[in-house]
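Let's take a walk through a protein model, one neighbourhood at a time. Keep the 3D view open and click on each residue as it comes up.

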Amino acid sequence: MAGISAILLAAGESKRMGTMKALLPWKGSTLLEYQVTTLMDAGVGEICLVVGHKHEEVGNPVKGKSGLKLVVNENYMEGKTTSIKAGLNVMDPATETILILSVDQPRTSEILSTILKSHKSTDKLITYPTYKNKGGHPIIFNSKLRPDLNNINETHEGLREITHKYSHTINLVPFDSVIVTLDLNAPHNFKEAVALFA
């Protein structure tokens with residue numbers, strides 16, 4: 001699928017996990033390497049990987065990978081919105097579709113591909129998955145919303161501000177799998193996710 005760029009967020013300190021989430025063991029490699037592979041397998045042409053805390057250690061497993069742009073967010077301590085904007089700054093200006101996902105939100109390539117295809121098939125500006133009416137990730141934006149994305153900040157609601165503003169043009173993709181809502185915030189979340197993906 002042409003014109004698809006992803007911002008993969010991996011700048012945080014992983015305090016609750018107790019170890020860097022991006023480097024957690026996952027399906028024979030690291031969680032970060034898995035995320036990069038599944039995004040590319042799903043049709044993403046460009047991945048803007050945003051690192052911050054321990055950036056050299058985190059980025060090393062995928063450094064130099066084709067289709068991947070590595071960007072260091074020096075302001076990562078100021079919040080996730082600074083990382084999203086850091087990713088946008090290096091993104092291809094011609095991209096049509098912007099997918100945003102955190103490294104601690106593992107998704108299969110099949111799930112990602114289904115969401116992307118659904119987005120491409122609609123004229124809605126925003127697409128995201130749901131499970132039992134609960135919103136999940138990734139969130140996909142039409143590039144028309146790039147100016148809005150560049151204006152997000154921590155004092156407001158970040159991406160939620162955009163989803164509220166454009167609530168009339170959201171494409172929801174229902175799944176029967178809880179995987180679309182996973183966030184690996186703490187060790188118990190990691191254990192549950194490993195079991196789900198087994």
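## Starting point: Thr97

Find Thr97 first: it sits in strand β6. Strands here are DSSP runs of E at least two residues long, while helices are runs of H or I with at least four residues, and both are numbered from the N terminus. This is a predicted model, where local features need pLDDT of at least 70 and side-chain atom pairs count only at pLDDT 80 or more, while totals for chains, interfaces and linings use all residues. Residues are numbered from 1 along each chain as its sequence is written, and side-chain values use heavy atoms, with hydrogens and water left out.

Is Thr97 buried or exposed? It counts as buried, because its relative accessibility is 3%. The scale works like this: buried is under 20% relative accessible area, exposed is over 50%, and partly exposed is in between, using a 1.4 Å probe and protein chains only. Setting aside residues up to four places away in sequence, Thr97 touches Gly3, Ile4, Ser5, Leu116, His119, Lys120, Ile140 and Phe141. Contact here means heavy atoms within 4.5 Å.

The rule for a salt bridge is a side-chain nitrogen of Lys or Arg within 4 Å of a carboxyl oxygen of Asp or Glu. How many salt bridges does that rule give? The count is 5.

Another one joins the side chains of Asp104 and Lys21, at 2.8 Å from N to O. Asp104 belongs to the loop between β6 (97–102) and α4 (109–120), and Lys21 to the loop between β1 (4–10) and β2 (25–26), so the bridge ties together parts that are 83 residues apart in sequence. Asp104 is buried at 9% relative accessibility, and Lys21 is buried too, at 12%. Then there's Lys165 with Asp148, at 3.0 Å from N to O. Here helix α6 (residues 159–165) supplies Lys165 and helix α5 (residues 146–150) supplies Asp148, so parts 17 residues apart in sequence are tied together. Lys165 is exposed at 51%, whereas Asp148 is buried at 17%.

Now move to helix α1 (residues 31–41). Its buried residues are Leu31, Leu32, Tyr34, Gln35, Val36, Thr38 and Leu39. After α1 comes Gly43, which has a positive phi, near 110 degrees.

There are 4 aromatic pairs in the structure. Tyr34 and Phe197 form one that is edge-to-face, because their ring centres are 6.1 Å apart and their planes are at 90 degrees. This pair links distant parts of the chain, 163 residues apart: Tyr34 is in helix α1 and Phe197 in helix α7 (residues 187–197). For the cut-offs, rings of Phe, Tyr and Trp (its six-membered ring) pair if their centres lie within 6.5 Å; planes under 30 degrees apart are stacked, over 60 edge-to-face, and the rest tilted. Tyr34 is buried at 12%, and so is Phe197, at 10%. Ring pairs also join Trp26, Tyr34, Phe190 and Phe197 into a cluster.

## The nonpolar cores

Which residues touch the most other members of the largest nonpolar core? Out of its 40 residues, they are Leu8, Trp26, Leu32, Leu39, Ile47 and Leu49. Elements giving two or more residues to this core are β1, α1, β4 (46–51), β6, α4, β10 (170–175) and α7. Helix α1 gives the most, with 5 residues. A nonpolar core means a set of buried Ala, Val, Leu, Ile, Met, Phe, Trp, Tyr and Cys residues joined through side-chain atoms within 4.5 Å.

Look at Trp26 again: leaving aside neighbours within four places in sequence, its contacts are Leu31, Tyr34, Pro106, Leu184, Phe190, Ala193, Val194 and Phe197. A second, separate core has 23 residues, including Val71, Tyr128, Phe141 and Tyr166.
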